[in-house]
Every structure is written in structure tokens, then in C-alpha cells.
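Please read them with the structure open beside you.

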Amino acid sequence: MDSNTFDPPAGGVPPVEAPLRRTARDALKIVIVGGFGAGKTTLVGSVSEIRPLSTEEVMTEAGEGVDDLTGVHAKRATTVAFDFGRISLDESRVLYLFGMPGQERFRFLWERLFTGSLGAVALVDTRRLADSFHCIDRLEAQAMPFVVAVNRFPGARPPLDRVRDALCLDERVPLVECDARARESSKGVLIALVRYLTRLREDPDVREGTR
């Protein structure tokens with residue numbers, strides 16, 4: 001298996017979608033970034049309480065020589081705009097998730113998707129670690145608070161301290177691991193981000209000294 005792909009429920013029955021509460025008043029936004037094939041669409045799909053909006057298109061021969069498939073040869077589709085999901089936090093607060101495309105040619109979308117975001121998750125595939133550098137650099141350039149989540153693929157399990165060193169990631173930036181296919185695991189990533197944002201709000205000095 002070359003990639004972590006969200007598996008629908010047995011029998012192909014879609015999950016029951018939760019309607020947006022009438023009491024919802026506050027909309028919160030976070031973005032999911034990462035390299036090509038890191039699992040952004042999968043993470044959004046696994047944790048969203050609604051059927052996620054996905055703009056994936058089947059990859060064709062036109063992408064040969066443009067998209068590097070090293071390590072993700074089984075990948076058959078790619079996001080061409082963004083992924084969108086929703087989570088109700090409580091009676092009044094709703095969290096919206098936006099998954100960004102990873103390829104360089106879609107980078108013009110980033111500025112707009114960053115607008116109004118509270119923070120971000122940088123999803124990392126350790127088989128293609130170099131793809132993560134431009135994402136993290138972009139988040140830092142935008143002064144966007146973020147956590148890094150290592151999406152654990154079969155056969156690629158370097159310890160987190162080695163991943164931190166390889167990414168030159170400041171010790172203050174949370175680094176967690178996950179399986180983007182699993183709802184509870186994906187929720188854990190979002191909880192880590194919320195906790196980090198809370199720490200920053202309570203003590204802005206937490207961010208001082210980060211790269």
C-alpha cells in the first residue's frame with residue numbers, strides 16, 4: 001500500500017451527515033497543508049461530520065513529468081482546488097477545514113485560503129520529507145501558528161525526534177504522529193493544534209524564538 005486512503009464504511013453506505021445547528025454563531029477556520037500525496041484529502045475526509053467537498057481529479061498522462069510520484073505510485077487522483085470539511089465544536093462554534101493542494105502550480109490558492117485562518121496543520125510524509133520544507137517555510141512567512149503531523153505510512157517510521165531534526169523544527173512547535181485514515185487519530189491532530197493556539201493566546205512568548 002503506497003498511500004493512506006480514506007476507506008468509506010462497509011457496503012458503501014455514506015456516513016450520516018450532521019446538519020448545521022441553528023445556534024451556530026462562530027465560524028473558525030484552519031488549513032491543512034502538506035506535500036503532494038501526504039494525505040490532506042484523507043485527513044479532511046476522515047474527520048469531517050459532513051461528506052467533504054473534494055476537488056480531486058483523476059491524474060492523466062498530462063501530469064507525467066510535472067507531479068513527482070516517487071513513493072506514491074499508487075496515487076490516481078490529485079486535488080486541483082481545495083478540500084473542505086466541517087466539525088461542530090459545540091452549540092455555537094463550528095470549525096471549517098480547508099485542505100490545500102500540495103503542488104507548486106497551485107500555490108496561488110494559498111494566499112486566499114490562509115485568509116482568516118486561526119492556524120494550520122502541516123501534514124508530513126517521511127518518504128518525501130523534502131516536500132514539507134516549502135510548506136513549513138510558507139507558514140512561517142505568513143506568521144501562521146501551526147503543528148506538524150507525521151502521517152504514518154507502512155514502512156516509513158523514523159522516530160519523531162529525527163523528523164524534528166530533519167525539518168529543523170523548533171522545539172516549541174508541536175510534532176505529533178497520526179494515521180490520516182482514522183477519525184480519532186485525525187481528531188487528535190486538531191486537538192493538538194487547538195491546544196497550541198490556546199497556549200499562544202495565553203502566553204504569546206511561546207512563539208518567540210521559533211524559526
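1. Helices and strands here are DSSP runs, numbered from the N terminus; a helix has at least four residues and a strand at least two. A residue lines a pocket or cavity if it has an atom within 4 Å of one of the grid points of that space. The model is predicted. With these terms, strand E1 (26-34), strand E5 and helix H5 (183-202) each supply at least two residues of the lining of the largest pocket.

2. Next, the pocket itself. The largest pocket holds about 630 Å³ of space. Its lining is made up of 20 residues, and those closest to the centre are Leu28, Leu89, Arg93, Val194 and Leu197. Which element gives the most to this lining? Helix H5 does, with ten residues. By class, the lining of the largest pocket has 14 nonpolar residues, five charged ones and one polar one.

3. The sheet can be traced strand by strand. Six strands form an open sheet, and the order across it is E4-E5-E1-E6-E7-E8, with mixed pairing.

4. Some of the pairings can be followed residue by residue. E1 and E5 are parallel and share seven bridges; here Val31 stands opposite Phe98 in E5. E1 also runs parallel to E6, to which five bridges join it, and Ile32 stands opposite Val121 in E6. Further along, strand E7 (residues 146-151) is joined to E8 by four bridges, again in the parallel sense. Val148 has Leu175 in E8 as its bridge partner. As a general point for reading such a sheet, side chains in a regular strand alternate between its two faces.

5. Now the aromatic rings. A pair of rings is described by the distance of the centres and the angle of the planes. How many aromatic pairs does the structure hold? There are two. In one of them, the ring centres of Phe84 and Tyr96 are 5.5 Å apart and the planes are at 20°; planes under 30 degrees apart count as stacked, so this pair is stacked. The pair links distant parts of the chain, since Phe84 is in strand E4 (residues 83-88) and Tyr96 is in strand E5 (residues 93-99), twelve residues apart. Ring pairs join Phe84, Tyr96 and Phe98 into a cluster.

6. Charged side chains also sit over rings. Lys29 lies over the face of Phe98, 4.9 Å from the ring centre. Elsewhere, Arg127 lies over the face of Phe153, at 4.1 Å from the ring centre.

7. Rolling a probe the size of a water molecule over the atoms shows where empty space is left. The structure holds one cavity of 30 Å³ or more, and the largest cavity has a volume of about 30 Å³. Among the residues that line the largest cavity are Gly35, Phe36, Gly37, Asp125 and Arg128. Strand E6 (119-124) and helix H3 (131-141) are the elements that give two or more residues to this lining. The classes in the lining of the largest cavity are four nonpolar, three polar and three charged residues.

8. Finally, two backbone angles deserve a look. Most residues other than glycine have a negative phi. Ala143 has a positive phi of about 55° although it is not a glycine, and Ala143 is found in the loop between H3 and E7. Cys168 also has a positive phi, near 50°, and is likewise not a glycine. Where does Cys168 lie? Cys168 is in the loop between helix H4 (160-166) and E8.

Technical notes:
Residues are numbered from 1 along each chain as its sequence is written. This is a predicted model: local features need pLDDT of at least 70, side-chain atom pairs count only at pLDDT 80 or more; totals for chains, interfaces and linings use all residues. Side-chain values use heavy atoms; hydrogens and water are left out. Rings of Phe, Tyr and Trp (its six-membered ring) pair if their centres lie within 6.5 Å; planes under 30 degrees apart count as stacked, over 60 as edge-to-face and the rest as tilted. A charge sits over a ring if NZ of Lys or CZ of Arg is within 6 Å of the ring centre and within 35 degrees of the ring normal. On a 1 Å grid over the protein atoms alone, a cavity is a set of points where a 1.4 Å probe fits but cannot get out, and a pocket is an open set with protein on both sides within 12 Å along at least five of seven lines; lining residues have an atom within 4 Å of a point. Grid points are joined across faces, edges and corners, and a volume is the space filled by probe spheres set on the points. Ala, Val, Leu, Ile, Met, Phe, Trp, Tyr, Cys and Pro count as nonpolar, Asp, Glu, Lys and Arg as charged, and the others, Gly among them, as polar. Two strands pair if DSSP finds at least two bridges between them.
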